Amino acid sequence: MIADVSQRIIHQVNFLIKNKDHLAIDSDTHPSDLSLLSGKILEKYKNSKNYYHGRPISGDELLREMKMAAVDMSLIWQNPAATPYTDNQSENYNCLLKANEYIFHLGQSYPEKFIPAGWTDPKALGLDKAMKIVDIFMNDFGFLIVKMNPAQNAFPIDGVEVMTIVEKIAENNGIAAFHYGADTPYTPAEGLEKIASSFPEIRIIGIHMGGGGASYNEAEELYNQTRELGLKCPNLFFVQSAKRDTHIESDFISYTLEGEPFCKNIACASDAPYGRQTWNFGGYRMMFKSLLNSAEHTDERVRNNPDAFNEVIIQNYMGRNIAELIIEGYKLKFPHLFKH
């Protein structure tokens, strides 16, 4: 373990700079401290031999999955399915802080494997405690990214509390991330657009790029709206996970043909444990192989642009884009660490 937060940040940034041209990075994973499981969550975990939605995995289990999937690094944040809330905001604060502390310690222990990120919740914690935990993330833990989940936690993505937290993240030169999907009405495209346009100076990450847990027919409208939204707001960065593969491919084709900066604004992910890394990254690799074989591709846009996809573009999506987002973000947030 690296004892000092600054040392971890410097080490991780230098590692990313040196290796970004060949790393496979999963931009959305949720490991959990299994020793913290309790109550119904622990009972379900112990008694369910089969997989169930969001079944917790530890950091060690994620490392084993990464090895099987040939994934070099993972961006990690807590798993909401393993973090029980009550009606008591103080209890929720303590529970969520412990979950985030586990993410912090994994990042300190494995700076060449895990990119740690925070998670706050203005509804379950109340705004004051949600802001307090952001302070801890950005100043004590050295997190660059702070995520919120308006969908499962049932609050509007562009609500007053959320905008207040994003303003705090912006003041700290951080990156705000959101579960952004069609699974609930709390994350519409216009809500994400409001945030992106209100804070053009910082990067905003939309996890799932409109996917999430919605049915495919329900989600299609948001998929299409989001694809267009990203082409209007260059500060938006999208993580492809928990989304229909055909729409993921269409996103990559559209953004590749648009060129920079848009083709630099998407990354591959699995949403582990909600998705398997082996399945997802195996699929990404075969998908990109088919896009290289442009003459045989079923999408007319690919056949008509045979030089659009190449190994450089593919590596951007497999790891370089998220690596460069992290590198640039940490240098902006902690300039004193990178004077030389």
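**Helix packing, sheets and cores**

The crossing of α1 and α14 is left-handed, meaning that the near helix is turned anticlockwise from the far one by less than a right angle (clockwise would be right-handed). This is a predicted model, with local features needing pLDDT of at least 70 and side-chain atom pairs counting only at pLDDT 80 or more, while totals for chains, interfaces and linings use all residues. Residues are numbered from 1 along each chain as its sequence is written, and side-chain values use heavy atoms, with hydrogens and water left out.

Helices (H or I, at least four residues) and strands (E, at least two) are DSSP runs, numbered from the N terminus. The axes of α1 and α14 come within 10 Å and cross at roughly 140 degrees; axes are lines fitted to C-alpha atoms, for helices over the stretch in contact, and angles run from 0 to 180 degrees between N-to-C directions. The two helices α1 and α14 are therefore oblique to each other (under 35 degrees counts as roughly parallel, over 145 as roughly antiparallel, 65 to 115 as roughly perpendicular, and the rest as oblique). On the α1 side, Arg 8, Ile 9, Gln 12, Val 13, Leu 16 and Ile 17 meet Ala 323, Ile 326, Ile 327, Tyr 330 and Lys 331 of α14, contact being heavy atoms within 4.5 Å.

Next come the sheets. Three strands make an open sheet in the order β1-β2-β3, paired in parallel; a pair needs at least two DSSP bridges. β1 (25–29) and β3 (114–116) each have a single partner strand, so one side of each lacks a neighbour in the sheet. Between β2 (residues 73–76) and β3 there are three bridges, and Ser 74 sits opposite Phe 114 in β3. Helix α1 (residues 5–19) turns up again here, packing on this sheet and touching β1, β2 and β3, at about 130 degrees to β3.

Another open sheet has six strands, ordered β4-β5-β6-β7-β8-β9, again with parallel pairing. Two bridges join β4 to β5 (residues 145–148), with Trp 119 opposite Lys 147 in β5. Helix α10 (residues 216–232) lies across β6 (175–181), β7 (204–210) and β8 (236–240), at about 145 degrees to β7.

As for nonpolar cores (buried Ala, Val, Leu, Ile, Met, Phe, Trp, Tyr and Cys joined through side-chain atoms within 4.5 Å), buried means under 20% relative accessible area, exposed over 50% and partly exposed in between, with a 1.4 Å probe and protein chains only. The largest core has 110 residues, of which Ile 145, Val 166 and Phe 288 touch the most other members. Helix α14 (residues 311–333) gives the most to this core, 10 residues.
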